[in-house]
Amino acid sequence: MRILFLTSRMPYPAIGGDRNRVMHFIQALAEAGHEVHLLTFDTALFSRSAESLTPLTRFVASMRVVRLPPAVSALRAAAGLWGSLPLQAAYYDSSRMRRLVKDTLDRVRPDVVYTHLFRMAPYALAEMRAHPAAWVLDLTDVVSSEISRSLEYRGGLNRWIYREEGRRIERYESQVAPLFDRCWVVGDREARVLATMSPSARIEVVPIGVDGNGATGARKPAREPATILFFGYQKIFHNRDAACFLARDIFPLVRAAVPHAVLEIAGKSSDSLRGARGEGIRYLGYLKNPDEAFARATVFAAPHRFAAGVQTKVLQALDAGLPVVTTPLVREGLEPIPPDLLRVGRTAEEIAAEIVALIRDPALAAELGARGRDWVRSRFRWEHAVRAFEAAAGVPAAP
């Protein structure tokens, strides 16, 4: 197949769940023998060398990049306040991208056009009638539902802006989903939410995958006796809120029960968190190879109070054989999942109690970690995405 990817962010480096999903889709498709072409935006176009992008470019037959100046895009989004489209769609509006999409479609004549996230939908909608490809919109998450859950944790002007943006996104998601041949989401919960909003859309669940590596390298660090790990890109609001909730409200309760406990908060921009400092807390910042942190930790904590879709970081922890303590919301995003695979709490006290129990019972922690690793590696595989692309193009399934 020839597949054209339309993405709003450079897939490499694969920081954050959306980039990780796209990067692995591209890699899996190329390794399966398919021809991938990429059109993408990038804010750091002139600071990247060709060599730095080799992990991506070796998998694509062609790549065109449109520079997205943040200041100009912010002005476009601000101007969009007087319109009806989501501000995110206005932020990514570009006449150059429109021309490149048209030119690339004429040149490549793809079998599948993969449109990543609703913010890229305007470029696909403008061209789909003229090109007989299979048009796929990968919403991944139903963003409007996450925004709705986040409003009680926002304040002032920020709350007003996101309430208005959430309404616009919900209206736009429901309108554009049926216009594509297929609309993909990452999990069953997202599929149910989208089906309620847009009953005529052809919705398919296309999960993300795990690498199945755990910690890499000949020497893996040993599990530490009382190290709690949080991992996530801290510029994303639900990650920042979860990290602060963990550091301020949950970890002091753990520390009172286990005085030698340590909390490690890792991920890009995690070292810039304010107001969540304390005894026993380490901020690791961006980790080029986070596998060692997963291998070293005792427990992985994902105390998200609002979120959408599947939390990639939880799958990474399970893949590393690490027991996970989380909230009902995160667990729901992983359904169907064995009922006793994760430890779940709603309040700071409940989450802290689950963490302490796993620290005090290493055998239970190891047993949960082993079962979690087996489950996630059987269910979340990148080959499933390749089959979804092939099905979209009408390629017969292998016997």
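**Backbone in the loops**

Mentor: Among contacts (heavy atoms within 4.5 Å) between residues at least 6 apart in sequence, 71% join residues at least 24 apart. This is a predicted model, in which local features need pLDDT of at least 70 and side-chain atom pairs count only at pLDDT 80 or more, while totals for chains, interfaces and linings use all residues. Residues are numbered from 1 along each chain as its sequence is written, and side-chain values use heavy atoms, with hydrogens and water left out.

The protein has 16 helices and 13 strands, these being DSSP runs numbered from the N terminus (helices H or I, at least four residues; strands E, at least two). Of its 399 residues, 54% are buried, where buried means under 20% relative accessible area, exposed over 50% and partly exposed in between, with a 1.4 Å probe and protein chains only.

Turning to the loops, we can follow strand β4 (112–116) at both ends. Arg109, in the loop between α5 (95–108) and β4, has a positive phi of about 50 degrees although it is not a glycine, and it is exposed, with a relative accessible area of 55%. Leu117 lies in the loop between β4 and α6 (121–125); this residue, also not a glycine, has a positive phi of about 75 degrees, yet at 10% relative accessibility Leu117 counts as buried.

Cis peptide bonds come next. One runs from Tyr12 to Pro13, with omega near 0 degrees, and Pro13 sits in the loop between β1 (2–7) and α1 (17–31). Another joins Glu335 and Pro336, with omega about -5 degrees, where Pro336 belongs to the loop between α13 (328–333) and β13 (343–344).
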